[in-house]
Amino acid sequence: MSAVYIAGPMTGLPEFNYPAFHEAEARLRAAGHAPSNPARIEADNPTPGVAQDWSWYMRRALRLVVDAEGVALLAGWEQSRGAQLEVHVAEALGMRVAPLEAWLSLCSECSESIAVDDLGSGHGMCGSCLHDAVRSGWEPGL
């Protein structure tokens, strides 16, 4: 399982683009990853319903980036000052940075690419890891 931070545009978008972040979070979780969703930072807002300044959100977001193993990019991240900063930090720390779709086709155990034939298993594992898991007593659906 990989801890994956979700980076993308928020400022100036309807609902701060939270629906796209929540969808990415659900898809990453379904693929066996442990997503870190910066849209959830709002829950820590000391004045609910009143937005904080950009730096307040970024200080919290960057903590999440540093704790992640990699970064999944949402469409439009290139136009976001915050996402650009998050990517810069992740790359400087040697993390894997890739579009969301690339994370959805990685094995949740070894981070190798999942072959097209194995994607249908729905377990988020490559054939080798799935085989090893079954050999050690794991049963799908448990």
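What pattern does the chain follow, read along the sequence?

**View 1. Overall fold of the predicted model.** The pattern is β-α-β-α-β-α-β-α-α-α. The chain holds six helices and four strands. Of its 142 residues, 40% count as buried. Among contacts with a separation of 6 or more, 55% join residues 24 or more positions apart. The accessible surface comes to about 8,000 Å². Carbon and sulfur atoms hold 55% of that surface.

View 2. β1 (3–7), α1 (18–30), α2 (54–67) and α3 (81–92) each supply at least two lining residues. By class, the lining divides into 17 nonpolar, eight polar and four charged residues.

**View 3. The largest nonpolar core.** This core has 16 residues. Ile-6, Phe-21, Leu-28, Ala-72, Leu-74, Leu-100 and Trp-103 touch the most other members. Two or more residues come from each of β1, α1 and α4 (100–103). The top contributor is α1, with four residues. In soluble globular proteins, nonpolar side chains tend to be buried together.

**View 4. Surroundings of Leu-74.** Neighbours within four places in sequence are left aside here. Leu-74 then contacts Ile-6, Ala-7, Gly-8, Ala-20, Phe-21, Ala-24 and Leu-100.

Definitions and conventions: Residues are numbered from 1 along each chain as its sequence is written. This is a predicted model: local features need pLDDT of at least 70, side-chain atom pairs count only at pLDDT 80 or more; totals for chains, interfaces and linings use all residues. Side-chain values use heavy atoms; hydrogens and water are left out. Ala, Val, Leu, Ile, Met, Phe, Trp, Tyr, Cys and Pro count as nonpolar, Asp, Glu, Lys and Arg as charged, and the others, Gly among them, as polar. A nonpolar core is a set of buried Ala, Val, Leu, Ile, Met, Phe, Trp, Tyr and Cys residues joined through side-chain atoms within 4.5 Å. Buried means under 20% relative accessible area, exposed over 50%, partly exposed in between (1.4 Å probe, protein chains only). Contact means heavy atoms within 4.5 Å. Accessible areas come from the Shrake-Rupley method with a 1.4 Å probe; for residues, only the protein chains shown count as cover.
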